[in-house]
Amino acid sequence: HWSNAQGNAPAYDYRKIEKGEKTNKSQTTIEYAVKDENWDYVSFQQVSGSSGKYETFTTPLPALVKYVKERTTNPETRYVLHQTWAYSENSTHSDFPNYGNDQKAMYASIVETYRKAKIAYAMDYVIPAGTAIQNGRNTLIGDNFTRDGYHLDFGIGRYTAASTWFEALTGISVVGNPYKPAGLTELDAEIAQHAAHAAVVNPDKI
């Protein structure tokens, strides 16, 4: 992303949802997207396989944050790090061996890395989605939050992450929120909400 920003490369599909309608603008630059709206929040996320490797943050992230801050139009924009999650225990992702194919080791590395990055680069928030997913894995749902070992599944996985975003940004407890996606049971939704709430309260602890 930093390389694309430096060259103002039209390397992105820019997707927006407004009033329930999704649009897509292809061949878009980061600069265009940043300037297109008076954003309240801008989030940054490392690729999942490098999320527990602090050295992959140290050069590109502060440069990219500076680039974005120079182009945002809202002086009150908040800058957010989206914490990714550890892979499932049986994941075949090529980066999993970097963590000894150990989910708990990967999770611990991600938590430590995002904590350090938030402090070092003066980010406003970390959205602790990784902790929320790990909380959920310690329930009767088990290690069933991804669809392929690393991407969140379309039901409880994504709902848990979305619930974490909701509470982290609004400060409103997600527990008891009446909305749930079709196909999710009441129990699934309750587990996801509590997993998310606990992560916001204790972002670095399962």
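Predicted model: local features only at pLDDT ≥ 70, side-chain atom pairs only at ≥ 80, totals over all residues.
A separate element to follow is an open sheet of three strands, whose order is 3-4-5 and whose pairing is parallel. Strand 3 (41–44) and strand 5 (125–127) are its edge strands, since each of them pairs on one side only, and neighbouring strands of the sheet are turned against each other by 35 degrees on average, direction ignored. Strand 4 (residues 78–82) runs parallel to strand 5 and is joined to it by three bridges, with Ile-127 of strand 5 as the bridge partner of His-82. Helix 3 (residues 60–69) packs on this sheet, where it touches strand 3 and strand 4, and the direction of helix 3 makes about 160 degrees with that of strand 3.

Turning to the helix pair, the axes of helix 4 (residues 103–120) and helix 5 (residues 129–137) come within 10 Å and cross at roughly 150 degrees. Because angles over 145 degrees count as roughly antiparallel, helix 4 is roughly antiparallel to helix 5, and the crossing in which helix 4 passes helix 5 is left-handed. On the side of helix 4 the contact is made by Gln-103, Tyr-107 and Val-111, and on the side of helix 5 by Gly-130, Thr-131, Gln-134 and Arg-137; by class, this contact has two nonpolar, four polar and one charged residues.

Terms used:
Residues numbered from 1 in each chain as written. Heavy atoms only, no water. Axes fitted to C-alpha atoms, helices over the stretch in contact; angles between N-to-C directions. Helix = DSSP H or I, 4+ residues; strand = E, 2+ residues; numbered from the N terminus. Parallel < 35°, antiparallel > 145°, perpendicular 65-115°, else oblique. Left-handed = near helix turned anticlockwise from the far one by under 90°. Contact = heavy atoms within 4.5 Å. Nonpolar A, V, L, I, M, F, W, Y, C, P; charged D, E, K, R; others polar. Pairing = 2+ DSSP bridges.
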